[in-house]
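Morning, everyone. Please put the model up on the screen, and I'll walk you through it.

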Amino acid sequence: MGFILSREGFNEIITQLSSKYRIYAPVLKKGEGRFTDTDVVMYDFVSDPGEIEIDRKSDYSFKNVLVPFSQTLFYFAEEAVKEADFPDKDILVFLRACDMHALRRQDAIYLENGAEEDWFYRRVRDRLHFVLIGCPASFEDCFCVSMGTNRVADGYMFSVETAQDGIACDLHDEELAPLFTYQAEAVRTVVPSYAKENDTKVDVPDQVPLSIYKDPLWDEYNSRCIGCGRCTLVCPTCTCYTMEDIYYTDNGRAGERRRVQASCMIDGYSNVAGGGQYRKTKGERMRFKVLHKISDFKAKFGCNMCVGCGRCDMVCPEYISFSNCINKTAAAVRAQAEGKEGEQA
Amino acid sequence: MSNAYVPSPSKILDIIKHTEKEYTFRMEFHGSVKPGQFFEVSIPKYGEAPISVSGIGSDFVDLTIRKVGRVTNEIFEKWIGSSLLMRGPYGNGFDVSLFENGETVVVAGGTGVSPVRGVIDALSRTADAKDKHVIAGFRSPDDILFRKDLERWDGLLDLILTVDGAPEGYQGNVGLVTKYIADLPLKDAASARAVVVGLPPMMKFTIIEFLKKGFQEENIWVSQERKMCCGLGKCGHCRIGSKYVCVDGPVFNYTESKLLID
Amino acid sequence: MGRDINVKKLKKNAFRISKVRGETASRIRITGGKISAKSMVKIAEIAEKYGDGTIFITNRQGVELLGIDMGKMDEVNQALQPIIDDMNTNQEERGAGYPASGTRNVVACPGSALCPYACYDTTDFARKMEDMIFPNNLHVKIAFTGCSNDCAKVRMDDFGIIGMTEPQYDMSRCIGCEQCVKYCQKKSVGALRVVNHKIVRDENLCIGCGVCAVYCPTRAWTRSKEHYFRVVLLGRTGKKNPRLAEDFLRWADEESILKIVKNTYAFVEEYIDPQAIEGKEHIGYIVDRVGFEEFMKWALKDVQLNEKAQVASRVYWGGKHYDRSNELI
């Protein structure tokens, strides 16, 4: 069922839904960008539906609703452990097709990898419902078409996007039909828009041979990358975290355990007690990250980890393009294969 | 479903001091556990850390802990009788039965002895223990761990205890573990098995020696040490390629581990 | 017949006396060093037509057109009009060029229009200042710099305005990567430290440079909505006692600063040495003579400082006093 809403009508629907759901959506944060008088689009719980930003690409992803940048898991005192409270309310998450695909990657790690599901992830995951933000046009840096993540058929309650005649919604949740009908300016068929072509295209190699680890293609990143980890922290599919204990008492036996997001690009990620460290160079870290996104994850879960949202390319202060690195990797894989054929001939 | 992250208190039954830095905690534990597995132990003032099982009893596990960070000045012995929060065991561990028949060589360096201590114990009890060889290497005589075990094993199987370096006058072996492999008195290297645990360079060069001696790749086993924050395959720190050391390892056959590049 | 030129008037009209008799140079104000390309072309045309075809870029971001015949000053003034209009420079009479030259061109670094570190729009503030103080014959130098790097070298001016941002910390977004700590240590003053895996800012030590906000990967550190300023006072070059400006205010707002500068003009008019050659005396020497207390009284008259602003109770300047000693140490 398709509806055309005015912004006011849309806001009213969200206001009504707020009694049942917490709303988690991209929000334009005016003046909160990295540099003076710049804006940033971040995800946040919104109280005013007018804040919801459906026309720009968010600089950070939705994933923090599931795994916040910093989260207290539980409190401990001597032998007692008490789980941190979590709001007992369902959450309506606004996201685009690429991020819906990213959610499946998050699920793979947090719910499927290892023998047990992640308790804290599951706790939120079961409460999530989705609003699909349509993409009438591709944004700069997007390469979802190449990654096959430009479209979702279902999994959302309704979709929203700015159309010529208002905010167009494709309603999947029949229960909301009266609410939408009441607020609708018009009723017409709505098919959520999706990017049919991106300016950025990537060529993901089917198989990455082990020999690519030693390829000189990674070397340039030794000097270019500053290891800030922004690419992974904005990434909707990166899941790594680190545990931290905070102590309330001098003996260290009462306190809280937090988990904070971690990045394989940042110093200290692989440090082991006793001083061992893996992937000391930025080139090795780049290789580790890129191959996970386009090869290693696929070997385990059957699909590429990267969903082509391009946020990593948008955020890199050193203008390192992840998408271009995929293409460089593909070229190196081809060159190696051709080289081998040459040797055989 | 239960919350796998929530640790349970476990009583500290005893604490054995090995060196100024390394201590073995004997922790109350009822349940099934294998050598090479590990526990996530909440160490006061340090945080949660993966600790290899260095000994197994019917109602306890031994965990050998190295003092680091803010714990450095703590007097561990004071803690006997109190408890620590821990969870586990995690990881695949060693299948000890694989090594009990025929010729086996265990090479362990430093704290790498912890995960294979149970393996060596089992080997020392086999009927053909004389065909079992252990090369244990430590940085210096002061860094030698599990001294009592080493003395005990010395009579039961073929033990080579060596240190990388020692002050003048030291009576024991001095040299890297790799130098002893070529001269091991093996009947048939092609069917012998090897277990290698230690720092990455030590493992790399030890395996090279084994292959030179004629060991088959599929007969070599290693245990990997990586940063691990969960033990559950979630935190990502221990991933190498498509493998997670915490759930797919830490014990890997060399045919598998040789494909894992950090 | 020899040239009969009122040099005082010529100088006030923003022309210079050249060492080449009969020649002058036209001084063009470019507030904050930012000018439209269109006006730059005009400047080039004037230099070609009336001057020797060269343009001198001054230390204070203006330009001087050299080799102009003194007889052409009126024509040059006419030709300058589109530039004066474009820059929105205050004027007394159209076509008559610049009405004053005492208060020098207001300097500014590129600021937030370009620079990632800048804490405010320096050009915008410079223009507001220019609009308030020009035209004026008093010798006053004002400069704006976007952040504590002070690329505009504002500590050589009477008033140096340095941008500040008050870092805002959202602990719930902090992953404890400590990059802010590292960059604050290496690029700034080291006002951040780690406590319990999170960051504590030494509010007194923090200079508000914003480096933490630039490098924070998660936006745990962000800039304050409000723009703040450090004001440094009465630096100078020159023969007698060159010295760097010293801190007067920190965390001040724009409005307070504009008012303080305006008040300072009144102070100078009251106390300037009546015997000063060509009515030109650095404010610093006036303050040295009448005392900082008196300056403060005038400067802060009717100023409602913003709540966060802090004022120095005393200011001490250093520098070499050549009037007392010319010895090398």
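Let's start with one definition. A residue is buried if 20 or more other C-beta atoms lie within 10 Å of its own. With that in hand, take chain C. This is a predicted model, so keep that in mind throughout. How much of chain C counts as buried? The figure is 41% of its 329 residues.

Now the outline of chain C. Its C-alpha atoms fill a box of roughly 85 × 45 × 45 Å, taken along the principal axes. Inside, there are nine helices and 14 strands. Next, look at contacts in chain C between residues at least 6 apart in sequence. Of those, 65% join residues at least 24 apart.

Zoom in on two helices of chain C. One is H7, residues 254-271, and the other is H9, residues 292-299. At what angle do they pack? About 125°, with their axes 8 Å apart. Angles over 145 degrees count as roughly antiparallel, and 65 to 115 as roughly perpendicular. The pair H7(C) and H9(C) is therefore oblique. The crossing of H7(C) past H9(C) is right-handed.

Who makes that contact? From H7(C), we have Ile260(C), Asn263(C), Thr264(C), Ala266(C) and Phe267(C). From H9(C), we have Phe295(C), Trp298(C) and Ala299(C). Sort them by class, and you get six nonpolar residues, two polar and no charged ones.

Chain C also touches chain A. Here, 25 residues of chain C are in contact with 20 residues of chain A. Which helix of chain C gives the most to its side? That is H6, residues 211-215, with three residues. By class, this side of chain C has twelve nonpolar, eight polar and five charged residues.

Last stop, chain A. The domains do touch: 22 residues of domain 1 of chain A are in contact with 18 residues of domain 2 of chain A.

On the domain 1 side, helix H2 (97-112) and helix H4 (144-147) of chain A each supply at least two residues. H2(A) gives the most, with nine residues. That side of domain 1 of chain A divides into twelve nonpolar, five polar and five charged residues.

Definitions and conventions: Residues numbered from 1 in each chain as written. Chains lettered and ligands numbered in written order. Predicted model: local features only at pLDDT ≥ 70, side-chain atom pairs only at ≥ 80, totals over all residues. Axes fitted to C-alpha atoms, helices over the stretch in contact; angles between N-to-C directions. Helix = DSSP H or I, 4+ residues; strand = E, 2+ residues; numbered from the N terminus. Parallel < 35°, antiparallel > 145°, perpendicular 65-115°, else oblique. Left-handed = near helix turned anticlockwise from the far one by under 90°. Contact = placed C-beta atoms within 7 Å. Nonpolar A, V, L, I, M, F, W, Y, C, P; charged D, E, K, R; others polar. Buried ≥ 20, exposed ≤ 12 C-beta atoms within 10 Å, placed from the backbone.
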